[in-house]
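Please look over the sequence and the model that follow. The briefing below starts with the chain as a whole and then turns to some local details.

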Amino acid sequence: MKKIVTLLVLICLVAIGVKAQNTQVICGDERTEAYLPELKKLRVALFANHTAVVNGKHILDLLIENKVNVVGVFGPEHGFRGRADAGEHVQNDVDKKTGVRIFSLYNGKDGKPNTDVLKKTDVLVVDIQDVGLRFYTYYISMLQLMNACVKTKTRMLILDRPNPNGSYVDGPLLDMKHKSGVGALPIPVVHGLTLGEMAGMINGEGWLDGGAKCRLSVVTCNNYTHSTLWELPIAPSPNLPNMQSIYLYPAVCLFEGTDVSLGRGTDLPFQQYGHPKMVGYAHSFTPRSVDGAKNPPQLNQRCYGVDLSKMPHDEIIKRGFDLSYIINAYRNLNIGERFFTPFFTKLVGVDYVQKMIIEGRSNEEIRAVWQPELEKFKESRKKYLLYKE
């Protein structure tokens with residue numbers, strides 16, 4: 001009898017193990033059988049950075065080892081290796097390991113890709129980890145590349161990745177009069193799309209130049225849904241070192257449009273906020289010059305404020321695009337309009353948020369304003385979803 005029970009337990013454990021393995025998220029680039037055979041016959045360009053790792057190997061190395069003809073690599077903000085500051089200009093380069101030329105999309109010019117490279121290319125492969133925010137610039141680089149691919153008749157192949165902020169949609173839609181390098185499409189701050197879904201929506205909504213459509217295909221993720229809270233194995237940029245910072249990023253990033261520090265130059269970027277003149281707080285920190293934050297706001301100044309690093313993930317997600325942190329700091333400093341810089345409106349994407357904060361409105365009152373347009377976006381978004389909600 002004991003032997004039978006033991007055997008049944010073992011069978012159950014094996015079954016559980018198989019189920020867990022089968023439900024593990026598999027990124028598009030890990031599904032090599034879905035794209036490598038085809039790429040071996042083509043001239044390939046790549047849009048990627050340090051996050052494009054396939055089972056411990058960078059996608060560029062993987063392609064070269066499989067005799068794929070890679071004619072060039074396009075690098076985004078923070079550079080191909082992901083070490084540059086936010087907004088820092090990155091020069092063209094040559095990858096030392098493979099000898100492949102790297103063309104920066106963040107070289108201080110117009111951000112438009114080198115079409116000479118694409119003219120020599122059959123397919124542009126996209127493999128890069130996004131975090132699902134309107135002001136996170138990787139989708140803007142993809143948009144520029146889609147426009148370039150239309151001109152050169154190059155197909156784009158997206159090796160899709162999960163969106164770590166893909167479990168909800170929130171925030172005001174960008175008023176296109178505020179279109180900028182941190183906001184390029186009429187989408188909410190938290191759009192809830194993977195890059196593969198975003199590219200489909202760009203095509204379907206006619207957001208490319210002249211309403212053109214890019215030739216597009218997507219290698220989807222396996223076992224991913226929008227309710228999957230997928231932890232990133234590699235930090236996507238220097239100041240998003242962990243999931244706490246990534247979940248807080250939608251709301252805390254608005255401090256970039258103020259004089260308040262959000263922790264750049266500390267061990268807790270995007271996980272705290274403070275200012276030398278904020279009062280009533282025991283928590284303090286001092287920003288320093290470090291890689292990825294060479295000249296952070298309030299450099300070498302003791303800042304007093306709020307530590308968000310221990311807030312539970314489920315609470316952060318439930319609060320969504322939360323304006324209460326900005327409102328709190330605004331009221332604490334009590335300096336009126338001088339609290340904001342022009343960059344604030346570019347980030348939030350509309351005029352009314354700053355005006356309502358100055359008027360003394362609450363987080364709930366301001367959030368109510370964007371709900372009607374947000375619901376319309378959610379309805380439009382459904383047509384382009386590749387994964388269940």
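Buried residues, meaning those under 20% relative accessible area with a 1.4 Å probe and protein chains only, make up 54% of the 389 residues in the chain. This is a predicted model, in which local features need pLDDT of at least 70 and side-chain atom pairs count only at pLDDT 80 or more, while totals for chains, interfaces and linings use all residues. Residues are numbered from 1 along each chain as its sequence is written, and side-chain values use heavy atoms, with hydrogens and water left out.

**Chain overall**

- The chain holds twelve helices and 14 strands, which are DSSP runs (H or I, at least four residues, for helices; E, at least two, for strands) numbered from the N terminus.
- Taking contacts (heavy atoms within 4.5 Å) between residues at least 6 apart in sequence, 72% join residues at least 24 apart.

**Helix 7**

- Helix 7, spanning residues 243–252, is mostly covered, since ten of its ten residues are buried.
- These buried residues pack against strand 10 (188–190), strand 12 (272–275), helix 8 (313–319) and helix 9 (324–333).

**T345**

- T345 is found in helix 10, which covers residues 342–348, and T345 is buried because its relative accessible area is 13%.
- When neighbours within four places in sequence are left aside, T345 is in contact with H178, V350, D351 and Q354.

Definitions and conventions
Buried < 20%, exposed > 50% of the residue type's maximum accessible area, 1.4 Å probe, protein only.
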